[in-house]
Amino acid sequence: MDCDDLLRQLNEYVDGNLAAGVCDEFRAHLRDCNPCQVVVDNVRNTIRLYSDGKEIPLPEACRLKIHDLLKARFQARFAK
Ligand SMILES: [Zn+2]
């Protein structure tokens, strides 16, 4: 299995619909291929975030950081 094969079957893998043999090849590829690991992690996290439809509160530190960043951007753009 190469990266293209993996990406083509990514949805099935994440949904748990791959045949066991294919699944093993998938995991073997993932073990050795960092870019594909990142893609799979991202897809999983995205699914987790949206699957229960709940709003997830941001950690306070993160919220403040985003707030500061937006404020700085806003000021850089509009403040004189
Ligand atoms: Zn790969």
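Helix H5 is hardly covered, since the count of buried residues among its 19 residues is zero; a residue is called buried if 20 or more other C-beta atoms lie within 10 Å of its own, exposed if 12 or fewer, and partly exposed in between, with C-beta atoms placed from the backbone. Helices (H or I, at least four residues) and strands (E, at least two) are DSSP runs, numbered from the N terminus. The structure is a predicted model, in which local features need pLDDT of at least 70, side-chain atom pairs count only at pLDDT 80 or more, and totals for chains, interfaces and linings use all residues. Residues are numbered from 1 along each chain as its sequence is written.

The confidence of the prediction is expressed as pLDDT, given for each residue from 0 to 100. The protein chain has a mean pLDDT of 84, and 90% of its residues reach 70 or more. Among the elements of the chain, the lowest mean pLDDT, 83, belongs to H5, and the highest, 92, to helix H3 (residues 20-32).

The protein chain contains five helices and zero strands, and its pattern along the sequence reads α-α-α-α-α. Its C-alpha atoms fill a box of roughly 60 × 25 × 20 Å along the principal axes. The radius of gyration of the chain is 19 Å, whereas a compact globule of 80 residues would have a value near 12 Å; this radius is taken over C-alpha atoms, and the globule rule is 2.2 Å times the number of residues to the power 0.38. Of the 80 residues, 1% count as buried.

The spans of two helices were compared with expectation, which is 1.5 Å times one less than the number of residues. Helix H5 (residues 60-78) should span 27 Å, and its end C-alpha atoms are 26 Å apart, which agrees. Helix H3, with 13 residues, reaches 19 Å from its first C-alpha to its last, close to the expected 18 Å. H3 is also hardly covered, with a count of one buried residue among its 13.

Ile 66 is located in helix H5 and is exposed, because 11 other C-beta atoms lie within 10 Å. Between the C-alpha atoms of Gly 21 and Ala 72, which are 51 residues apart along the chain, the distance is 52 Å. Leu 49 lies in helix H4 (residues 34-51); with 12 other C-beta atoms within 10 Å, Leu 49 is exposed. Leu 49 and Leu 10 are 39 residues apart in sequence, and their C-alpha atoms are 18 Å apart in space.
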